[in-house]
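I opened this model to look up its charged side chains. My notes follow the order in which I checked things.

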Amino acid sequence: MRTVDPAKHEAKRRAILDAAAGCFAMKGFEKTTTAEICRAAGISTGSLFHYFPNKRAVFVGIFEQDADETAALLAAAEENEDPGEAILQVITHVSEQLLHPVIAKLVLEVAAQCSRDAELAELIQRNDRALRDGLVGLVTRAVDADRIDPGFDPRTVASWLVALVDAPLSRVILEPNLDPAAELAVMKELIGRFLRPVLAIPPPDAGRVADTGEISPG
C-alpha cells in the first residue's frame, strides 16, 4: 500500500490553490473552469479531484489557507518583544498581499460570491475577526508598554487598522500604475504617527504672570 507524504501532499495542494487564485482573479469564479485550473497548475483533472471534490472547494480552500497564514502571522507577531513593531509587522504583511493586483481582484471576487454563499461569507468573516482580534491583543500590549497612546481603545484601534489595510484595494484596481511599495511606506508612516504616544506638556514653573503674558519669577 502506497503511503502519502504529508509534506508533499500539502505542497501540491498549495500549488493548486495558488494557480487557481490566478484563474479566479482573472476570470471570476463563475467563468473559471476546472480545466483552466488544471492547465494553470500543470495537473490532470483526476489529480485535481484527488485534492478537491469540486471547483467551489478549490475557491473556499484559498481562503481557508489564508486563515492558516493569518494565524501563523499573528503567532509570530506575539513572539516579538516590541508590540509596536509587531503591529507594523502584521500590517505590512497583510498590506503587501492586498496591494498585489491579483490578490486585490480575488478579494473583490470573493466579496461578490459572499452575497450568494452564506458558508463562504462566514469563513471570510471569521478570517476578518481573527485578524482584528489578533491586532486587539497586540494593541493592548503596546498600550501597556507605553508604546502607543493609552487613550485609545484597543478594539477601536484594531478596527481602524483593518480599515486602513482594506482601503487601498480599490486604488489598486483603478490605478494600474500604482507603486505598492511607495503606498505601503506611506501607510506605515501614517500608522506609526497615529499610534505614537502623546507627550505630556509639563506645567510651567510656578511664578507670577506679568502683564505681557510671560512667566516671571514670584
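Predicted model: local features only at pLDDT ≥ 70, side-chain atom pairs only at ≥ 80, totals over all residues.

**Entry 1: the network.** I looked for linked salt bridges. Glu10, Arg14 and Glu69 are joined in a network of them. I then took one pair from it. Arginine 14 and glutamate 10 meet through their side chains, at 3.3 Å from N to O. Both residues sit in helix H1, which covers residues 6-31. They are four residues apart there, so about one helical turn separates them. Arginine 14 is partly exposed, at a relative accessible area of 30%. Glutamate 10 is also partly exposed, at 33%.

**Entry 2: the count.** How many salt bridges does the structure hold? I found 13.

**Entry 3: arginine 129.** I looked up its partner. Arginine 129 forms a salt bridge with glutamate 122, and their closest N and O atoms are 3.0 Å apart. Arginine 129 is partly exposed at 40% relative accessibility. Glutamate 122 is partly exposed as well, with a relative accessible area of 31%.

**Entry 4: a pair between helices.** I moved on to arginine 155. Its side chain meets that of aspartate 133 in a salt bridge of 3.3 Å, N to O. Arginine 155 lies in helix H8 (residues 154-166) and aspartate 133 in helix H7 (residues 118-144), so this pair ties together parts that are 22 residues apart in sequence. Arginine 155 is partly exposed, with 43% relative accessibility. For aspartate 133 I noted 42%, again partly exposed.

**Entry 5: lysine 55.** I wanted a charged residue without a salt bridge. Lysine 55 is in helix H4, residues 55-78. Is lysine 55 buried or exposed? Lysine 55 is buried, and it has no salt bridge. Which side chain of opposite charge is nearest to lysine 55? I found glutamate 30, 5.2 Å away.

I then asked what lies 2.8 Å from a polar atom of the lysine 55 side chain. The backbone oxygen of threonine 32 does. Last, I listed contacts, leaving out residues up to four places away in sequence. Lysine 55 touches Phe24, Phe29, Glu30, Thr32, Thr34 and Ile37.

Technical notes
Residues numbered from 1 in each chain as written. Heavy atoms only, no water. Helix = DSSP H or I, 4+ residues; strand = E, 2+ residues; numbered from the N terminus. Buried < 20%, exposed > 50% of the residue type's maximum accessible area, 1.4 Å probe, protein only. Lys, Arg positive; Asp, Glu negative; His and termini not counted. Salt bridge = Lys/Arg side-chain N within 4 Å of Asp/Glu carboxyl O. Polar contact = N/O pair within 3.5 Å; in protein donor to acceptor, adjacent residues only side chain to side chain. Contact = heavy atoms within 4.5 Å.
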